[in-house]
Amino acid sequence: MNRFLKDKEHLVRMAALFAVGVVLFLILKAVLVPKGFGVYGHYRAGALADNRVRAPRFAGRSACIECHTDERDAWKGGKHAGVGCEACHGALAKHAEDPSASNAFKPDPKTICFTCHLTNAAKPRKFPQIDPKNHFDGGACNGCHSPHAPDKEPKK
Amino acid sequence: MEEGLLHAVQGFMYPNEVELQWSILIVLYPFTTGLVAGAFILASLERVFNVQAVKPTYRLALLSALAFLLVAPLPLQLHLGHPERSLEMYLTPHTSSAMAMFGFIYLWYLMGVLVLEIWLDYRKDMVLLARSETGWKKTLYRVLTLGVDNISEESLRIDDKLGRFITIVGIPSAFLLHGYVGFIFGSVKANPWWSTPVMPIVFLFSAIVSGIALVLLMYMLVCFLKGISIDMPCVDTIARYLMYAFLIDFSLEMLDLIHRIYEADESFKSLDFMAHTQLYTSQIIVQIIFGTIVPISMLAFIQVVKLSEAARKGIYVLAGLLTLMGIFAMRWNVVIGGQLFSKSFLGYTTYKMAFATKEGLLPAILLMILPFGILWVLVKVLPPFEEEKAAV
């Protein structure tokens, strides 16, 4: 080794160490970054296909009312007409496909209503809200209101 | 929303504002990176501007910067639910994410600047230690020197030149490191407490202040522990720099404050209310009075009145501690203060600090002790003071 390089040998080694680091990083990157990343955007392109093959878990209200005509008739003209069946009953695609194979979930009328109607200052003032402490001693809501077609002024 | 938190709320809060998401750990993050940047900038003064007086602290400042830099990302990691995923910001960085870009700035500063500069500066010592030590220590120093035993005059001259170059690159890098932390907060346009273009500069100068105070204290502490006599011209100079940096920092903060008061935009009433209530203690008392005005006055007093060495030392220790407390309070007021008010400007919440939880006070205390442990090891491996440091 010539004299010029001799005094710089430690720097050459340090540079080599950095180079090894960079190469290691690039290898890791190549190994760890999933295939198809960034093809459409900042995500793995294959995620789209993965999601597509998963069966939908919601059937949609139009499916429910094909069979449940009683509930449909009550629900259609009522105050909950804008609320989808599965907002209360949960995702029921399996049930809609084969009702005998999968039982539907019946929400608890004592608690389900509060997910939407519990008083909260952050909700729009026009939205009907109640405080269970001073709304008819907290009895089951469906004792007075029908869950599918609630009246504003039910018979007591 | 947790029912139990509601009594902590006054007025109107959106549900997602009731509980603070950024805890005391996020306060530590700008605090520790600030110490790093400040300590490094002080070290650079000696190197680039040849301020001989602060030379005794040069190496200690670099090692302190390294110790705190290694700890700086840990509070962020603890804050994450999946810390291991944070590394993905290196693999698939998103250029629009301020935090992802910080990862690169951090890595650059750590490897490209600090480690290299320390390595070059210590190379001669490491070679000598590799020659004189035995056993595993010899192996350690061998590895650290990368197996090169050459400390010829020419090689050391090259090291010095390169080290100087790295320092020159390092100063803007240190500015970038901490200015960037300020930018992360200053660029949150939804938060009027943070969103101001002076935030990076305020962060930077407060970083310099805290870093200088840290090095001042560390130097006096290490001298005390090792029984070395303190180099008074050195600490006098550092204390003077501390005062200057503090004056600039304070002016900038006051500028921002006056600007806000005069502009009095729609957020002002809400922020003003906060400064008089929840933040009164931490902002007015701890940060501004005891954390800024008192230490500045103490340091200024020394410039005017001649005091004995012992009195000066006492004042430096006290002023340094107050300074660190004040800068910590400043970070606290930024991070926590920025989350106490509603974006509707109609309500306020409170921060309930937990103790022995993942983001509580206990991990915060441990994280603040950790850098001193690292520094202790670093000082053992790479002694910052020795009889004859080659007169380069």
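In this predicted model, 19 residues of chain A are in contact with 23 residues of chain B. Contact means heavy atoms within 4.5 Å. Together the two chains bury about 1,800 Å², with 75% of it on carbon and sulfur atoms. Buried area is the accessible area (1.4 Å probe) that two parts lose on being put together, summed over both. A:Asp7, A:His10 and A:His42 supply 31% of the area that chain A buries against chain B, more than any other three residues.

Helix H2 (residues 9–32) of chain A gives the largest share of the side that touches chain B, 10 residues. Helices are DSSP runs (H or I, at least four residues), numbered from the N terminus, and strands are runs of E of at least two.

What about salt bridges across the interface? The rule, a side-chain nitrogen of Lys or Arg within 4 Å of a carboxyl oxygen of Asp or Glu, finds zero between chain A and chain B.

Now take chain A by itself. It has eight helices and zero strands. Its radius of gyration, taken over C-alpha atoms, is 31 Å, while a compact globule of 156 residues would have one near 15 Å. That globule rule is 2.2 Å times the number of residues to the power 0.38. The C-alpha atoms of chain A fill a box of roughly 105 × 40 × 25 Å along the principal axes.

Residues are numbered from 1 along each chain as its sequence is written, and chains are lettered from A in the order in which they are written. Local features need pLDDT of at least 70, while totals for chains and interfaces use all residues.

Methods:
This is a predicted model: local features need pLDDT of at least 70, side-chain atom pairs count only at pLDDT 80 or more; totals for chains, interfaces and linings use all residues. Side-chain values use heavy atoms; hydrogens and water are left out.
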